[in-house]
Amino acid sequence: KRIAAAAEVPTMAEAGLDPTVIVGSEVKNWESNARVGKSEYVVIEADEYQNKFQYYNPKGLVITNIDWDHPDFFKTPEEYERAFSIFRNRVKEKGGWVVEGEKKLPVTSYQLPVTLSGDHNRANTFLVHAVATQHLGISESKFWEAVQSFKGTARRFELKGVNSARINLDARCRWTDRATGDHEDFVLICPCQGEKMYVKKGLI
């Protein structure tokens, strides 16, 4: 969800919408996890942990995927999914729009930047595309032009160096993700579900 939230910003900024944004780690484009815009638009990476959904009342919602997480709070996959379902229904009941991930990705002739490599990030890009073109009135050409300027975020497919291959860190990659095929060879360092622990210990 971090990539989806952060990647929406260049397209909105390009269209003159200038949003305020808060996500969970540094976004390379503005070297911070937050930016203050001058419009009424606010984009956040919503945190489901401890069911923080209950504090949000958005006009629009993007659900990238629902993979059971935070088992210390959500004891079962069903309990986790129920939190998303309640949040989704509340947004719709209040007249908001909801965009969700699709298993089959659209075909496009546009090349994605290396910061959006892999099936998972490609899926995120098309969610961002749906928001931009269907709900914010941003044109196809302006969207794809703006996406090229996205530099990525810390700890999400973050480039750490180049030797004989690209070396990337992704602290929350999904085991089902496929990152190869879009660009040159790389090594993916993937601590996965222990991100909070790794950050606390200063490892990432």
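Author: Three strands form an open sheet in the order β2-β1-β3, with mixed pairing; strands are DSSP runs of E with at least two residues, helices runs of H or I with at least four, both numbered from the N terminus, and two strands pair if DSSP finds at least two bridges between them. β2 (32-35) and β3 (42-44) are the edge strands, each with a single partner strand, so one side of each has no neighbour in the sheet. On average, neighbouring strands here are turned by 15° against each other, direction ignored. The model is predicted: local features need pLDDT of at least 70, side-chain atom pairs count only at pLDDT 80 or more, and totals for chains, interfaces and linings use all residues. Residues are numbered from 1 along each chain as its sequence is written, and side-chain values use heavy atoms, without hydrogens and water.

Strand β1 (residues 20-27) pairs with β3 in the parallel sense over three bridges. Thr20 has Val42 as its bridge partner in β3. Helix α1 packs on this sheet and touches β1, β2 and β3, contact meaning heavy atoms within 4.5 Å. The direction of α1 makes about 130° with that of β1; axes are lines fitted to C-alpha atoms, for helices over the stretch in contact, and angles run from 0 to 180 degrees between N-to-C directions.

Helix α1 (residues 2-14) also meets helix α4 (residues 140-147): their axes come within 8 Å and cross at roughly 125°. On the α1 side the contact residues are Pro10, Thr11 and Glu14, and those in α4 include Phe143 and Val147.
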